[in-house]
Amino acid sequence: MPAPPAHRLRFLIAVALGAVLGAVLLRGFVSDASRQVADEAQERQAVVTLQALTSLVRRAGGEGDAVRSAVAAWQSRTPSAPQARVFRADGIRLEASTAPDDAGDRAAPRRLRREEKPLYDRSQRIAAAVQTNREEQQARKPEIEVAPAGARLSLAGPLEKNGAVVGIVEIETAPLPLPKPAGWSGFLLALIAPIAVFGGLAFLLGEKRLPLLAAAVVCVAASLSWMGRAAVSELAAQQQRAAEQVAERVRDQATVTQAVATAQVLPGAAAAPGSWDVDDFRQPLGLLTPDGSVNPQRLAQAVDTAARELRRTLLGAGALALALLLLVGLGAFNLIGRSLRRHRQAYLYIAPAILGMVVLVFFPFTYGVTLSFTDSNLYNTGKAISDVWIGLRNYADILGDFAFIKRGDGGSFVNYLNFYWTLLFTIIWTVCNVTIGVVSGLILALVLNTRALALRPIYRVVLILPWAMPNYITALIWKGMFHQQFGVINQVIQLFGFPAVSWFDRPASSFLTALATNGWLSFPFMMVVSLGALQSIPADLYEAARVDGASRLQQFKAITLPSLRPALVPAVIISVVWTFNMFNIIYLVTGGEPGSSTEILVTQAYKFAFERYRYGYAAAYSTVIFGILLVYGSIQNRVSRATEA
Amino acid sequence: MPRSRISEEFPHGPLHAMLAVAVLVTIYPVLWVFSIAFSGKQSLAIADLPPTPTAGDRLRAVVPWPEKLSVSNFTSVMSDQPFARWMLNSALVAIFTTLLGVFLACTAAYAFSRFKFPGRRVGMMAFLVSQMFPGTLMLIPLYIIIVQLLGLGSSRIGLIIVYATTSIPFSVWMLKGYFDTIPKELEEAAVIEGASAGKIFWRIVLPLAKPAVAITALFSFMTAWNEFILAATFMDKENMYTAPVGLRFFVGGFSQQWGYFAAGSIIVSIPVVLLFLYLQKYLVSGLTAGGVKG
């Protein structure tokens, strides 16, 4: 007897699960966004304070007693930043300080102590950043360093004199207020309301599948959109408050600096306080008017952008929740669950392997492919993937750049970093190696196949040695033998009266070294494979051919080659992949010298990632390599199926 | 007695000459390593040349025999240098990789061979395709997972986990092929006798598949013993290097300790070379069979 339909119960569970997932995701994203707004506001206030103090220090001449008294006066009126220090790089001197530790015999001015090296380093970093940005005409390195120090923020910005960085001004904020967590009431309402409403509706609708489905979707979607709407408007209000806080701080600092400047009789005019509100690169944010009040237009824009971003994320979360609802509601999970139960044993056996593969093979692969759509590099590793997303640009850069021969002054030259050059080189490398391997392996196999040849087993064991040796050791040995001054190969060349060759100075000779190394280690494989195939040819075949009067060449063509084919074709196929991916030989023997001309695709990708630190670009490069291998694999599959048929 | 076709027409003399050349080319680098290792010096030249070398001097520098025999490179690489420690790291990593990898591969291969379940074909295909994932694409995410998330940088466990899982696909394909050849009737008989599924797997199937399991184990061992890139990426601390990373350390960059390198190479190579020579015929059939299927 089939069980009575339990649509109502199933949909109720689906609604509950969908509502929980949606509400949890929503809450997560919203509190993330709100924390971000709060953090940003705190940081902006701190930066404003730092900039105000910096302007004061600059007006006080940047050094001497004037600075010290100005800083002290400023400090007494600025409780939001309980300590400030001014450091001069020339003379490695602490010029002024209000830190409680810097009192008594440690009071400023004094030379920096050994244990205060971090302060010195910080100043060097900032000076270098300003220099770099100025030279490159762009904002790449942060000129204001903001570092969390416990619950406080420690900020440092450059102190300039006549356009040159002469030191830094450093402040530490008071402990920041903990962001207050969002209330739970909305969350609980969004959780309970849809379940309750759906429960009522289900009671009315009865065991009808489609109406139940519609009701479930509407309930969850409505509650989530209500929660999302509330969150978006809450965020806007928070941004408004944050902007006002910053404006408040600007006005406060404007009064403080004005008061200090008048009391100390400092020369120069005050800068517009609104210009203190800058980003890490000291570029004005423009959210305030010059006099330091909120710029309503810009604020509305900022609120709009943030709202749009949050809405997009929330839509994604809502879609996820609805998908879960549909899956459960329509019984897909039942199906999966049933299959899991029925094949429990099989899944139990493969579970450990699959788990390992998913975590350490498939997930990294997916992550790598995702990385290939970003501009991830050494300078932005901390950022979220969506912040460095650049779509297909890496692929366009790699595949769209055909100019591997460049014309410059002094003739045309090859751009060795170009993808197509490396691809061409890799193909040449693969073809040469496989040809060498097959030819030498086949010849040696034919010779070794001679019956009654004395010492045959000894020859065989010796000739197989290169395959047995770990290939990184082989590579390093050959690298040593090709050494320009002490290498054995140059000794032999000089023995015959020729000058020593510096192997790694020209692409062609560098290529030869890698070729020799790889040829040495790859012929035994072909030899063993061919020998196995040759030994399986029955001697009668040759006997019969001879009786028929076939010449040796005819015998070779008609008997030997066809019998070799089934063994050699797969061997060639697999050795093409091996050679194509032969990282160790290229990396350890030539190292790409000279000037990356002898890189193959895999070593080039490695260097992009680990020597040029362009992770996103390297990932795209590797994905292209994967594509090439996949195409090769499917072609080879078709070919080998055709040869079998 | 039937006589061979080639020997009738080919004198053995030229064949021996050809083989002798091949043997010379093959064995010279090996002899070179031995003469550097036993020279007792760190130089990569076999003999020091005078400022104006004669042909005789040059010949001396080519003949692979050290000027002075000494085992000091071997003794000091094992005692003064942390090489013994690196060997220990390599051995531990390789042994546990083998144990873990073979366990994972055996159970998975058995399921793929014996059970019909949804996802079976997809799983096998996924394993196959994963063999084409370029290592450079996996390195950065693996680094993030192993070093940054799991905090297993410079630890043997991290390497073991990575090696064991990356060796799964090849091992599974190889073992599944062998399991397929074991007649099912044996297991059916055992079921009738009342044996549990676990018992059948451990007591009947695995013992029958011993040769294939042995090959898989040795394959995993050799892969872990010889691996270089991952180890070089994960193992930052010098005392956690594996032997391959350590050997590179001797002669990479600006260091030129060729004597240590040569002695270390010989110590590292001997076990794998012996294993390899013992196993080569299985390896060839396994690899080419995989090639046909792949």
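Helices (DSSP runs of H or I, at least four residues) and strands (runs of E, at least two) are numbered here from the N terminus. This is a predicted model, in which local features need pLDDT of at least 70 and side-chain atom pairs count only at pLDDT 80 or more, while totals for chains, interfaces and linings use all residues. Residues are numbered from 1 along each chain as its sequence is written, chains are lettered from A in the order in which they are written, and side-chain values use heavy atoms, with hydrogens and water left out.

**Interface of chain A and chain B**

- Taking contact as heavy atoms within 4.5 Å, 96 residues of chain A are in contact with 94 residues of chain B.
- The area buried between the two chains, that is, the accessible area (1.4 Å probe) that two parts lose on being put together, summed over both, is about 8400 Å², and carbon and sulfur atoms give 79% of this area.
- On the side of chain A, the residues that lose the most area to chain B are Y349(A), L360(A) and Y472(A), which together account for 9% of what that side buries.
- Helix α8 (residues 344-371) of chain A supplies the largest share of the side that touches chain B, namely 21 residues.
- By class, that side of chain A holds 71 nonpolar residues (Ala, Val, Leu, Ile, Met, Phe, Trp, Tyr, Cys and Pro), five charged residues (Asp, Glu, Lys and Arg) and 20 polar residues (the others, Gly among them).
- Zero salt bridges, defined as a side-chain nitrogen of Lys or Arg within 4 Å of a carboxyl oxygen of Asp or Glu, are found by the rule across the interface of chain A and chain B.

**Salt bridges in the whole structure**

- Over all chains, a search of the whole structure finds 31 salt bridges.
- In one of the salt bridges, E145(A) pairs with R122(A), with the closest N and O atoms 3.1 Å apart.
- This pair links distant parts of the chain, 23 residues apart, since E145(A) lies in strand β4 (residues 145-149) and R122(A) in helix α3 (residues 117-136) of chain A.

**Backbone features of chain A**

- E593(A) and P594(A) are joined by a cis peptide bond with an omega of about -10 degrees, and P594(A) is found in the loop between α17 (583-590) and α18 (601-610) of chain A.
- I92(A), a residue other than glycine, has a positive phi near 45 degrees, and its place is in the loop between β1 (83-88) and β2 (93-97) of chain A.
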